[in-house]
Amino acid sequence: MVVCLSVWIKVFNDSEYCVRLLSVIFSSVSAGILFLFANKHFNKITAIIVSVLYLSSNILFFYSHEARAYSLVVLLTLLSSHIFLAIKEKTSIRNVILLGLINFLLIYTHYIAGIVLFFQFILMLFYFDKEEKKHFSYSLVFTIALVFLRFTKKQVFVIIGFNSSDSPFWLKMSDFNALVDVLSKFLFSSVLVYPLILLIIIGVIFSFAKKDKKKYLVLNYSFFLGMIAILMVYFLGKTTPIFLDRYLIFSIPFLLLLIAYSLSLIKYKLIPITIAVFF
């Protein structure tokens, strides 16, 4: 983000408006990519609902006006996800290079977003055929090579020391109240946490019950990034202080995507769209 912002300021200026505008652009582009992603892998109703939910998210709106890296993390996660699934559909050298480069930029922007790459690796083992696994491996090697070339020893030690449980810092160990607080921000309100999680679970179960195998990969991918990633960082946060809502901002689009898809399963389509507009 610092590099992007540095170039941006040189082209424009360093006024508060211009500095914050870059994050607004990243967030706006993310909204468009999320719509296309949902429309391609689910359906148009899901795309409409998830777009409305995305634009209704207070936490995404807040960080879209901050001169920080979090809007960029969301954008890179969505781009990485799109290309990852594109490799499953059609392998090409261009996709391999793009995925490797974007995953590197994602890790370099915020190291905790490396969870995205981890889940891609896990799902690749189960859903990709031999040729697709080979191409994903090439992109992974490319990402690792860039990490070794760009990350210095000092940067690695800063990352390790930054979250050390021994160092006095504002970060705290995670507990159940922290989990509820994060989910409340991601799911609009503490009142809606349990109903919306239940809605997601019902939607996923119903989808697998229909045996629509074409959606298995994208559903699992969205569930891993939208739900499992939050739980993983929560449990890691019990040993090292890394459990913060902004660190997990890349999970929000996929959490909203699961909600939107579950709502799209309602027979009368006007109902889920009305619910989304209510938010």
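Reader: Why is Lys-185 called partly exposed?
Author: In this predicted model, Lys-185 has a relative accessible area of 38%. A residue is buried under 20% and exposed over 50%, so Lys-185, at 38%, is partly exposed.

Reader: How do you know that Asp-245 forms a salt bridge with Lys-185?
Author: The closest N and O atoms of Asp-245 and Lys-185 are 2.8 Å apart. The rule asks for a side-chain nitrogen of Lys or Arg within 4 Å of a carboxyl oxygen of Asp or Glu, so the pair qualifies as a salt bridge.

Reader: What makes this a pair that ties together separate parts of the sequence?
Author: Asp-245 belongs to the loop between helix H12 (216-236) and helix H13 (252-264), while Lys-185 belongs to helix H10, so the parts that are tied together are 60 residues apart in sequence.

Reader: Is Asp-245 buried or exposed, and on what value does the class rest?
Author: Asp-245 has a relative accessible area of 9%. The limit for a buried residue is under 20%, and Asp-245 is therefore buried.

Reader: What makes Glu-16 and Arg-20 a salt bridge, and where do these two residues lie?
Author: Their closest N and O atoms are 3.0 Å apart, and the cut-off is within 4 Å; the pair therefore counts as a salt bridge. Both residues lie in helix H2, four residues apart, which is about one turn of the helix.

Reader: Why is Glu-16 called exposed, and why is Arg-20 called partly exposed?
Author: Glu-16 has a relative accessibility of 55%, and exposed means over 50%, so Glu-16 counts as exposed. Arg-20 stands at 32%, between the limits of 20% and 50%, and so counts as partly exposed.

Reader: What is the N to O distance between Glu-66 and Arg-20, and where in the chain are these residues?
Author: The side chains of Glu-66 and Arg-20 meet in a salt bridge at 3.8 Å, N to O. This pair links distant parts of the chain, 46 residues apart: Glu-66 is in the loop between helix H4 (58-63) and helix H5 (70-89), and Arg-20 is in helix H2.

Reader: Which residues are linked in a network of salt bridges, and how many salt bridges does the whole structure hold?
Author: The network links Glu-16, Arg-20, Glu-66 and Arg-68. A search of the whole structure finds eight salt bridges.

Reader: How many aromatic pairs are there, and why is the pair of Phe-84 and Phe-128 called stacked?
Author: The count comes to 15 aromatic pairs. The ring centres of Phe-84 and Phe-128 are 5.1 Å apart and their planes are at 20°. Centres must lie within 6.5 Å, and planes under 30 degrees apart count as stacked, so this pair is stacked. Phe-84 lies in helix H5 and Phe-128 in the loop between helix H7 (114-127) and helix H8 (130-150), so the pair ties together parts that are 44 residues apart in sequence. Phe-84 and Phe-128 are both buried.

Reader: What makes the pair of Phe-119 and Phe-224 edge-to-face?
Author: The angle between the planes of Phe-119 and Phe-224 is 85°, at 5.1 Å centre to centre. Planes over 60 degrees apart count as edge-to-face, so the pair takes that name. Phe-119 lies in helix H7 and Phe-224 in helix H12, so the parts tied together are 105 residues apart in sequence.

Reader: How do the accessibility values class Phe-119 and Phe-224?
Author: With buried set at under 20%, Phe-119 at 2% relative accessibility is buried, whereas Phe-224 at 21% counts as partly exposed.

Reader: Which residues do ring pairs link into a cluster?
Author: The cluster holds Phe-37, Phe-84, Phe-128, Phe-136, Tyr-221 and Phe-254.

Reader: What is the phi of Phe-188, and where is this residue found?
Author: Phe-188 has a positive phi of about 80° although it is not a glycine. Most residues other than glycine have a negative phi. Phe-188 is found in the loop between helix H10 (176-186) and helix H11 (193-209), and at 23% relative accessibility it counts as partly exposed.

Reader: Why is Ser-27 called buried?
Author: Ser-27 has 11% relative accessibility, and the limit is under 20%, so Ser-27 counts as buried. Ser-27 is in helix H2 (residues 16-41). Leaving aside neighbours within four places in sequence, Ser-27 is in contact with Tyr-54, Leu-60, Ser-64 and Ser-71.

How values were computed
Residues are numbered from 1 along each chain as its sequence is written. This is a predicted model: local features need pLDDT of at least 70, side-chain atom pairs count only at pLDDT 80 or more; totals for chains, interfaces and linings use all residues. Side-chain values use heavy atoms; hydrogens and water are left out. Buried means under 20% relative accessible area, exposed over 50%, partly exposed in between (1.4 Å probe, protein chains only). Contact means heavy atoms within 4.5 Å. Rings of Phe, Tyr and Trp (its six-membered ring) pair if their centres lie within 6.5 Å; planes under 30 degrees apart count as stacked, over 60 as edge-to-face and the rest as tilted.
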